[in-house]
Amino acid sequence: MKRFFKDSVAVLLGITLILATACTPATTLQPTITQTPSTVAIRAPVITPGGPPVITPGGPQGPTIVTPPVIPPVTPPVVPPVVPPVVPPVVPLAPVNLGTAANFAILAKSGISTTGTTSIVGDIGVSPIAATAITGFGLIMDASNQWSTSSLVTGKVYAATYSAPTPTSMTTAISNMETAYTDAAGRTLPNATELGAGNIAGMTLTPGLYKWGTGVTIPTSVTLTGSATDVWIFQVGQTLNLGNGAQIILSGGAQAKNIFWQVAGQATIGTTAVFNGNILCKTAIVLNTGATLNGRALAQTAVTLNANAVIKPAP
């Protein structure tokens, strides 16, 4: 019993000591308050261009009003309508108007001569030269003295020295021939210029206007292909030569009456060659032995023949 009492007193004394030590002024305890800030999730405002203003939380100055930028609407580019190009209508080449010169197979200003057996289908005539410049034909004067005939000519022969109205008619025909030459030479917008450097042998030429500042030679043959109404005009700045045995071949219905050779120099058709078209020549036209002309020989000087065939085209 005594021992138990001693132990209890000891315990009480220990507690008293601890309390006294803890409560001394030097170690006065102050309560500590720790504040943990709350975590607030702030979502970024979604700003839509062109939309309404958005108010965002601000700092010490208060909330911030964010006005979205105004973006103008996107205007699509203006695409002009596709307009097809305007293609001008193709205007067919007009034939050369020969006037009353078209009545002749051969027409010349200074003479027509022939040797050998020549055959001409169509009228022939000279002006202003006299009938004496028509040689080799054995002319027989008609009783009217307005024309003459020849066994070599299926047609009539006219000269400026025959009786009226022949002189006036011949003057008109010569004038029309010169006008036709000027017309052919003055045509513009050629389909081709200087074709073949003047050598068109072996070529096939479609209707149109062809121009050379030089001479033209056809040593073998050339083909003109087109319809019965198509027109060819050849502007030759110097001489024209169709070689011996060569031909101007027509195909597809092409007609000699619609082909015009305007020649500034002499035109020569070689031996046994075959020429198709109307020759409008500033100087002389020469047909060598056996050559054939399906067309007209219209010369501003003379025409020389040698056993040839000349056939004026039908109208």
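**Strand pairing**

Modeller: Strand β22 (residues 285-287) and strand β24 (residues 302-306) are parallel partners, with 2 bridges between them. Strands here are DSSP runs of E, at least two residues, numbered from the N terminus, and two strands pair if DSSP finds at least two bridges between them. This is a predicted model, where local features need pLDDT of at least 70, side-chain atom pairs count only at pLDDT 80 or more, and totals for chains, interfaces and linings use all residues. Residues are numbered from 1 along each chain as its sequence is written, and side-chain values use heavy atoms, with hydrogens and water left out.

Colleague: Which residue in β24 is the bridge partner of Val 286?

Modeller: Strands of a sheet pair through backbone hydrogen bonds, either parallel or antiparallel. β22 and β24 pair in the parallel sense. Within β24, the bridge partner of Val 286 is Thr 304.

Colleague: Which strands stand at the edges of the open sheet of 7 strands?

Modeller: The order in this sheet is β7-β4-β24-β22-β20-β17-β14, with parallel pairing. Two strands each have a single partner strand, so one side of each is left without a neighbour in the sheet; they are β7 (134-135) and β14 (216-218).

Colleague: How many residues of strand β23 (residues 292-299) are buried?

Modeller: β23 pairs in the parallel sense with strand β21 (residues 274-281) over 8 bridges, and 3 bridges join β23 to the parallel strand β25 (residues 309-311). Buried means under 20% relative accessible area (1.4 Å probe, protein chains only). β23 is largely enclosed by the rest of the structure, because the buried count is 7 of the 8 residues.

Terms used
Buried means under 20% relative accessible area, exposed over 50%, partly exposed in between (1.4 Å probe, protein chains only). Helices (H or I, at least four residues) and strands (E, at least two) are DSSP runs, numbered from the N terminus.
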